[in-house]
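Here is a report on side-chain contacts in one protein model. It covers charge pairs, ring pairs and charges over rings.

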Amino acid sequence: MYTQHQKRQKTYGGRQTPVTDSYEFFPGVTRVEYRPGASAEDSLCFRHYNPSERVHGRTMEEWFRPAVSYWHAFSYQGLDRYGMPAFIRPWDEAPNSLEACKRRVRAAFEFFSKLGVRYWTVFDRDLTPEGYTLEESFQQLDEVIDLVQELQQRTGIKPLWFGCNLFSHPRYANGAATNPDAHVAAYAAAQCKKAFDIAMKLGAENFLLWGAREGYHNPMVADLPREMRNYAKFLKIVADYKDKHGFRGNLLIRPGPHRESRFYNSEHRYESEDCDTFGRYDYDAMSTLCLLKHHGLERQFKLHVYPGRDHLFASAMGYLGCIEYESYHEEYFGDFRYNGETTVMMKNFIDQASVSSTDSEYDEFQGGIQPGGVSLALRPRRESHDFRDLFLMYVQSLDTLAKGLKTAVRLTSEGHFSRHLQQRYSGYQSGIGARLASGEASLEECDEFVKRHGEPNPPSARLEHWNSVFRYYNEH
């Protein structure tokens, strides 16, 4: 399963040959270049993504701030529920050894540099496995972080977000912050403190909490009000730690492990994961915002969401922090649904950057997605085990983002949809509509209005026409 350049390193006495600074994990691959006129077979290049190209007042890189997900690119081994790992990577000999962890980090930074991205995303436990004790876990992590810091200083690459993995270890089977065992919750807090310290040390622009196990399987054996209070208290002490140490980035919460229906094709749903079978307290964007607002934490957190419904809701409410841009085996970057979804995402970025919110409730409505970005969480298909396949997944996704941005700019500048929206909601500009929008109208006033004007005659939404217009922009 190796190409000519992917042979295993020689080992002696069960130990790996040391990897020096000059060792190359991806020989034959130079920095990926922007070549829009490349031939069909010349695939390892960008055809649309030019990071320095200015589009609508910003460079492409500034618009979506792409980051490579460390786990998806370097820890995923092609394992699925039907088969054993399919990838044999040169950095995966004795994968749980500290030397293997360091090799993986070196390979990652070579990959980031050759791909030409400035950010990566990573959880603490992605870098080193658990030790026998918390102290041993921290000691191992510190040793790898020293290498990470050295490579970051050399390359200028840093984390878009650093996260705390409070879901993989069996101790968190019943949750971390919501665990019925207070000892487990305290352990999670200690791990979170260490992860936050590392995030600040590495200059991470955001800190991520993903409550993948914060929920219940059976409400008969769970004290839901207590668990939700405990979850909120945990989030508060994290926010307090942020304020105490002057961390200037966003605190991010990632709602739900589920992949909700996409905005364009409501019938398409991803296959559920095992951990999606119970009641999450932060199931989606709206339930997460409800939890935060109920406990007075809404000014402390932003949301890390998937494209689609959660992204649109988080953005509309002013809580968009980061976007997780994923790939799955049934999806191809060239299909219309995916490109259409990307166009909507890019259009939303443009709207946020160019339009200030007029609603006083959202005075802090952000301009663009900074300091967040787009985390590229791309897992190669099991049969795609050549290292060039790994590069191509990210090249194609960045091209898709760039194409979506260009399409969104055309769509915005030509104004078909903005004019349609203005006309569609024109009834709220004056009369009873303006009074409803301002909250001044009463039920009695609406009753009198309808008695005078009779039955409404709403116009057609013309969805087929506007779907056709949208398709035109994505196909031309």
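How many salt bridges does a search of the whole structure find? The search finds 25. A salt bridge here is a side-chain nitrogen of Lys or Arg within 4 Å of a carboxyl oxygen of Asp or Glu.

The model is predicted: local features need pLDDT of at least 70, side-chain atom pairs count only at pLDDT 80 or more, and totals for chains, interfaces and linings use all residues. Residues are numbered from 1 along each chain as its sequence is written, and side-chain values use heavy atoms, with hydrogens and water left out.

**Salt bridges**

| Pair | Closest N to O |
|---|---|
| Glu143 and Lys102 | 2.7 Å |
| Arg154 and Glu150 | 2.5 Å |

Glu143 pairs with Lys102. Glu143 lies in helix H5 (residues 134-155) and Lys102 in helix H3 (residues 98-115), so the bridge ties together parts 41 residues apart in sequence. Helices (H or I, at least four residues) and strands (E, at least two) are DSSP runs, numbered from the N terminus. Lys102 is buried at 18% relative accessible area, whereas Glu143 is partly exposed at 36%. Buried means under 20%, exposed over 50%, and partly exposed in between (1.4 Å probe, protein chains only).

Arg154 and Glu150 both sit in helix H5, four residues apart, or about one helical turn. Arg154 is partly exposed at 47%. Glu150 is partly exposed too, at 35%. Shared partners also join salt bridges into one network of Glu24, Glu110 and Lys114.

**Aromatic pairs**

The count is 30 aromatic pairs. Rings of Phe, Tyr and Trp (its six-membered ring) pair if their centres lie within 6.5 Å; planes under 30 degrees apart are stacked, over 60 edge-to-face, and the rest tilted.

Phe26 and Phe387 have ring centres 5.7 Å apart and planes at 70°, so they are edge-to-face. Phe26 is in the loop between strand S2 (15-16) and strand S3 (54-55), while Phe387 is in helix H11 (residues 387-414), 361 residues away. Phe26 is buried at 0%, and Phe387 is buried at 2%.

Phe196 and Phe247 are also edge-to-face, because their planes meet at 85°, with centres 5.2 Å apart. Both Phe196 and Phe247 are buried.

**Charges over rings**

A charge sits over a ring if NZ of Lys or CZ of Arg is within 6 Å of the ring centre and within 35 degrees of the ring normal. Arg171 sits over Tyr172, 5.3 Å from the ring centre. Arg379 lies over the face of Tyr76, at 5.1 Å.
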